[in-house]
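User: Please take me through this structure one feature at a time, starting with the words I need.

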Amino acid sequence: MSNAVIIKDAVKIYEDFTALKGVSLDIKEGEFFTLLGPSGCGKTTLLRMIAGFNSIEGGDFYIGDTRINDIPAHKRDIGMVFQNYAIFPHLTVEENVAYGLKARKVSRKEIPGRVERALEQVQISHLAKRSPSALSGGQQQRVALARAFVIEPNVLLMDEPLSNLDAKLRVQMRTVIRKLQRQLGITTIYVTHDQEEALAISDRIAVMKDGEIMQIGTPKEIYSRPANPFVAGFIGVSNFLDCEIRSSSSGSQVILKDAAPLPIKLRKEFEGKARLSARPEQLFFTEQGMPGKILFYTFLGDFIEYEVELEDSQTLTVNEYTKDTSIQHDIGEQVHISFDPDKISLYDAATEEVLSL
Amino acid sequence: MTKKSKKIQLDFWFFVRLFVILGLCLFIVYPFYTIITKSVFSNKVEGLTLYNFVRFFTKPYYYTSLIHSFVVCFFTVIFATLVGVPIAYLMTRYNIAGKKMLHIGIILSLMSPPFIGAYSWIILLGRAGVVTKALASIGMNIPTIYGRNGIIFVFTLHLFPYIYLYTSGAMNSIDSSLEEAAENLGMNKLRRIWSVTLPVILPSLLAGCVMVFMTCLADFGTPMLLGEGYTVLPVMVYNEYMSESATNPYMASALSVVIVSCSLLVLLFQKAVIDRKNYMMSSLRPPKEIELHGVKRFLAGLPIYIIVFLAFLPQVVVVCQSFIERSFSGVVKGVNLNNYRSIASKLSRNIRNTYVYSLVAIFFIIIIGILVSYILVRKKGKTATLIDLMIMFPYVIPGSVLGIGLIIAFNKKPVILVGTSAIMIISYIIRKLPYTVRSGSAFLYQMDPFIEEASINLGVSPMKTFFAVTARMMLPGIMSGAVLSWITCINELSSSIMLYSGRTSTISVAIYQEVTRMSDGTAGALATILTVTTILSLLIIFRLTKGKVKIV
């Protein structure tokens, strides 16, 4: 049986507002799929609809070929890792992990072996007899993980599982989760508001906002070709500039204030007001380009982050890698900024539709 | 496409809600409704009438009881505050020697049966009291324990723990930087307490005052034993309803309506004040304990030692009394176990009744408590609000009033419960359920709701999850509430004395009767049984909750 997850036009309505406005997803078997977005975007709502804890006001949910809309939560055979772990405090670590197996009437002979293997996989075999209250956050996280995948679910759901851990542990645990998921090949749906985490861990990401999907793509696609200004601003750091696009028989040009026009390639014909979005590392200092003044800089080791004020008093962030240059600009210094027109993103100022290739 | 279903789900919780609401309507709303309807009728006048109320407010015989009740409640609140607040302050701010024991002692004296206090003070300071006689022999006369002053004295010693518990809770949560800020701004210590500490604890103090006021207003045993002509409302209700000469259920109902109205007024007053003045305190640094040494430490503790000694004395007196055999004229015949032998032969039925009724009541209280707490916390909605309101109603209905309500409601066909064990047990469940529900729902509020979802997600049905996980984890909260329910059940007097029949009498009723019959010895032995059970039960919850029991 295939464990792909297909969601068609999912709608969630709370009394007076619509939390999901017709979301469709097509998650492949064995994929690590992330729902990313700011709080209130509907990502957890969607996850809880898949798990069966939220009612479904519209749409169809499939796991493989089975429509799960009307299957009660406890019969969906979906593993879930909760934000605060939700470890049973009255059971030991191994009893926690065995809980789902007992509910599935797995034979008594088989349970200890499977529990032991699961604990081994998350490297906490030595804690098997402990009570959860004696565990650290990271260890509880591992118990929650083992408890969720030991039942060999069709799909594994994770609701911000790392948000309660400190920064260092978060990075460590996300590697543990990713390796384990690869090894087991379980289709996984992961919810987070941390864009860095999403980029690091996912096969594909769906960026959500106000109950709608903004863009679905691989981390690389989403980072380098954001579908709209929201995605560009939410994923990583982006500089936005107002510009104009003119087209002629020889091609299109982007025109910025105080700078020479630059030739660009567009996915369709366009003329008029547009918005340009550029990553700090996509901007660089040159001889000619937009004139500006260094306002402030922060030395961050492998790169220097400059804050540059343009003549119309817009500010830009420009990152210059220390391995690429030995020059360090000073506060107040006059500079010129340019970019590679093939790397930046352009959007229609009115519709926010993406224009660049 | 699944449609949004607004239909009522006919699941387990629907039926629980249905049965709880039906039960509450039948045993709280309906009895109280019958009281109200009875109160506007009379055997003297035809049809609907305010005759009873007019009589109440015009005949001194009746309205003095209202005045008496208010005088007693008012002064008890004042004295309990004057005793309770300083003790709370000393206990939270200084390293008083034996703090833990004192704290437990204060809670024990609150949980002991209230009328046992009155009875002990009669033994000590009554007309034939031990202390009275001893002092009289050296030519000293002490003020009488009977009447208004005695009632206020006994109430104060019994109820100051409420003030202590409420205010010390608030004092512990004051951020110490608040007082430091006042000090830094140039306030001396007394003005600091007056201008910062007191206003901040005021809402809690008021809540404590309301508890004291309501308990005083509803209590029957103490003013009955000590009053001697100084009649308060609950005693008046009892007299009107139970007096052998002329039973007047109409007047008793009207009196009940007056008492409940008073309680409601007090509650509304408290709500109005507290809603206006409630400080949110995020205590980052709880106040530090000041280290005292030697004489200073002893002097700081002295007032507490004296008060706790006085509050605990009744328990000791009762136990001593139980081993002293007296003749009918009161002469001591010896120290032995004859009192216990005597109650074992004469009053074993009462003892059995007390324990059987309370155990049965507790069994139901635990089950209903778990289900209701769950509904209140996890199944919020209109029905939950309604249940919450009705469950807490017994807080404002004195036991004697509920007793009368149950009698009037269930003394005719089709359901005759009067005189049965069932009605005793029902009244215990109704009156003592709030303790367990309060404690259980408070506990559930702190419980992670995702734990239940984790269980369901792992393949256990919601129903099984509730019993295997939720109920199991709620147990500590439910049990510590249930122990309080249990203690108050075994000590219950005010509704038992209305509802008992020859076969269904309990220990507390027997104590009351023995005391009025001047059989101090047997009363002492019975009271000792209650006191020892109470203390043991409390010690068990202190153990179970590691001393973190919440009485209020």
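Analyst: Helices (H or I, at least four residues) and strands (E, at least two) are DSSP runs, numbered from the N terminus. The model is predicted, so local features need pLDDT of at least 70 and side-chain atom pairs count only at pLDDT 80 or more, while totals for chains, interfaces and linings use all residues. Residues are numbered from 1 along each chain as its sequence is written, chains are lettered from A and ligands numbered from 1 in the order in which they are written, and side-chain values use heavy atoms, with hydrogens and water left out.

User: How many helices and strands does chain A have?

Analyst: Chain A has eight helices and 20 strands. Its C-alpha atoms fill a box of roughly 75 × 45 × 35 Å along the principal axes. Of the 357 residues in chain A, 51% are buried; buried means under 20% relative accessible area, exposed over 50%, and partly exposed in between (1.4 Å probe, protein chains only). Of the contacts in chain A (heavy atoms within 4.5 Å) with a separation of 6 or more, 66% join residues 24 or more positions apart.

User: In what order do the strands β2, β1, β4 and β5 of chain A lie in their open sheet?

Analyst: Strands of a sheet pair through backbone hydrogen bonds, either parallel or antiparallel. Two strands count as paired if DSSP finds at least two bridges between them. Here the order is β2-β1-β4-β5 (chain A), with antiparallel pairing. The edge strands, β2 (17-27) and β5 (66-67) of chain A, each pair on one side only. Eight bridges link β1 (residues 5-14) of chain A to β2(A) in the antiparallel sense. Val5(A) has Ile27(A) in β2(A) as its bridge partner. Helix α1 (residues 43-51) of chain A packs on this sheet, where it touches β1, β2 and β4 (58-63) of chain A. The direction of α1(A) makes about 115° with that of β1(A); axes are lines fitted to C-alpha atoms, for helices over the stretch in contact, and angles run from 0 to 180 degrees between N-to-C directions.

User: Which strands form the open sheet of five strands?

Analyst: That sheet has the order β13-β12-β11-β14-β20 (chain A) and is also antiparallel. Its edges are β13 (262-264) and β20 (345-348) of chain A, each pairing on one side only. From one strand to the next the twist averages 40°. Between β11 (residues 239-248) and β14 (residues 272-278) of chain A there are seven antiparallel bridges. Cys243(A) stands opposite Ala274(A) in β14(A).

User: Which residues of β6(A) point one way, and which the other?

Analyst: In a regular strand the side chains alternate between the two faces of the sheet. In β6 (residues 78-81) of chain A, Ile78(A) and Met80(A) point one way, Gly79(A) and Val81(A) the other, and all are buried. Strands β6(A) and β7(A) run parallel, joined by four bridges. Ile78(A) faces Val155(A) in β7(A).

User: Is Asn457(B) buried or exposed?

Analyst: Asn457(B) is buried because its relative accessibility is 2%. This residue belongs to helix α19 (residues 450-457) of chain B. Leaving out residues up to four places away in sequence, Asn457(B) touches Phe53(A), Ile78(A), Gly79(A), Met80(A) and Arg104(A). By contrast, Lys288(B) counts as exposed because its relative accessibility is 64%. Lys288(B) sits in the loop between α12 (249-276) and α13 of chain B.

User: How many cavities of 30 Å³ or more does the structure hold?

Analyst: Rolling a probe the size of a water molecule over the atoms shows where empty space is left. A cavity is a set of points on a 1 Å grid over the protein atoms alone where a 1.4 Å probe fits but cannot get out, and lining residues have an atom within 4 Å of a point. Grid points are joined across faces, edges and corners, and a volume is the space filled by probe spheres set on the points. The structure holds three cavities of 30 Å³ or more. The largest has about 100 Å³ of space, and its lining includes Trp121(B) and His158(B). The largest share of that lining, four residues, comes from α13(B). Seven of its lining residues are nonpolar, five polar and none charged; Ala, Val, Leu, Ile, Met, Phe, Trp, Tyr, Cys and Pro count as nonpolar, Asp, Glu, Lys and Arg as charged, and the others, Gly among them, as polar.

User: Which elements each supply at least two residues of the lining of the second largest cavity?

Analyst: They are α4 (137-149), β7 (155-159) and α5 (167-184) of chain A. The most, four residues, comes from α5(A). This cavity has a volume of about 60 Å³. Its lining has eight nonpolar, two polar and no charged residues, among them Phe149(A) and Met158(A).

How values were computed. 1 Å grid on protein atoms, 1.4 Å probe; cavity = no way out; pocket = protein on both sides within 12 Å on 5 of 7 lines; lining within 4 Å.
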